[in-house]
Amino acid sequence: MTAPKQASPDSGVLEQTPAMTELVAELRAIVAEELSAADTAARVGDRLRPFLERHDLLRADQREGDEQEYRQHLLHAEEDGSFSVVSLVWLPGQRTPVHDHVSWCVVGVYLGAEVETRYRLVDDGATQFLVPEQTSVNPLHSTCGFAPPGDIHEVHNDSAGKAISIHVYGADIRKLGSSVRRRYDLPVRAS
Ligand SMILES: [Fe+2]
């Protein structure tokens with residue numbers, strides 16, 4: 001799949017803002033508890049929420065978009081590969097492909113708002129297609145979490161301004177490049 005545009009692989013990892021270092025320490029404590037993916041995602045969402053209002057969480061370069069496609073900035077990759085933090089920056093009109101993830105994921109909206117559509121994959125034996133299940137607006141400072149399987153979705157920015165979200169994944173994004181497990185270029189049907 002087309003991975004989101006990335007800053008240099010180590011960008012942001014060695015020079016975190018103090019607020020990001022604080023967030024990472026809290027995430028590390030949650031992940032160390034080795035709860036289920038769903039429980040981990042719920043706890044991470046609770047801890048992430050207040051940081052979404054911290055104006056000192058991201059450096060200026062970690063908020064930069066790209067005219068060509070939405071952009072990923074790696075903010076932290078835990079040494080043992082157990083979790084990673086990225087910012088994703090969407091300029092107006094930019095969108096992800098329909099995709100799912102390799103691990104649990106928590107998304108917090110840091111700037112603007114994002115429109116998310118979740119899909120169900122149907123295989124009737126002859127063909128595969130997608131059925132839209134739910135479209136929602138993830139407003140500023142909201143969080144949502146999910147864990148595979150059943151996390152097929154698409155996200156876009158339909159506003160006139162930039163949108164930024166903070167994503168925490170239970171995977172090593174520095175190694176993988178992105179958290180995307182599979183891209184679904186399939187027909188979309190009502191049912
Ligand atoms: Fe996603």
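This is a predicted model: local features need pLDDT of at least 70, side-chain atom pairs count only at pLDDT 80 or more; totals for chains, interfaces and linings use all residues.
Modeller: Residues are numbered from 1 along each chain as its sequence is written, and side-chain values use heavy atoms, with hydrogens and water left out.

Biologist: What makes His-99, His-101 and His-153 donors of the iron ion?

Modeller: Donors are N, O and S atoms within 2.8 Å of the metal (3.2 Å for Na, K and Ca); water is not among the atoms, so sites may look incomplete. The NE2 atoms of His-99, His-101 and His-153 lie at 2.1 to 2.2 Å from the iron ion, and therefore they count as donors. Along the chain, the donors follow the spacing H-x1-H-x51-H. Both His-99 and His-101 are buried, a term for under 20% relative accessible area, whereas exposed means over 50% and partly exposed lies in between (1.4 Å probe, protein chains only).

Biologist: Why is the contact of Arg-28 with Glu-78 called a salt bridge?

Modeller: A salt bridge is a side-chain nitrogen of Lys or Arg within 4 Å of a carboxyl oxygen of Asp or Glu. The closest N and O atoms of Arg-28 and Glu-78 are 2.6 Å apart, so the pair qualifies. Arg-28 lies in helix α1 (residues 18-31) and Glu-78 in the loop between β2 (71-77) and β3 (84-90), so the pair ties together parts that are 50 residues apart in sequence. Helices (H or I, at least four residues) and strands (E, at least two) are DSSP runs, numbered from the N terminus. The structure holds 13 salt bridges.

Biologist: How do you know that Glu-78 is buried?

Modeller: Its relative accessible area is 10%, under the limit of 20%, and therefore Glu-78 is buried.

Biologist: Why does Arg-181 count as exposed?

Modeller: Arg-181 has 53% relative accessibility, which is over 50%, so it is exposed. Asp-100 has 3%, under 20%, and is therefore buried.
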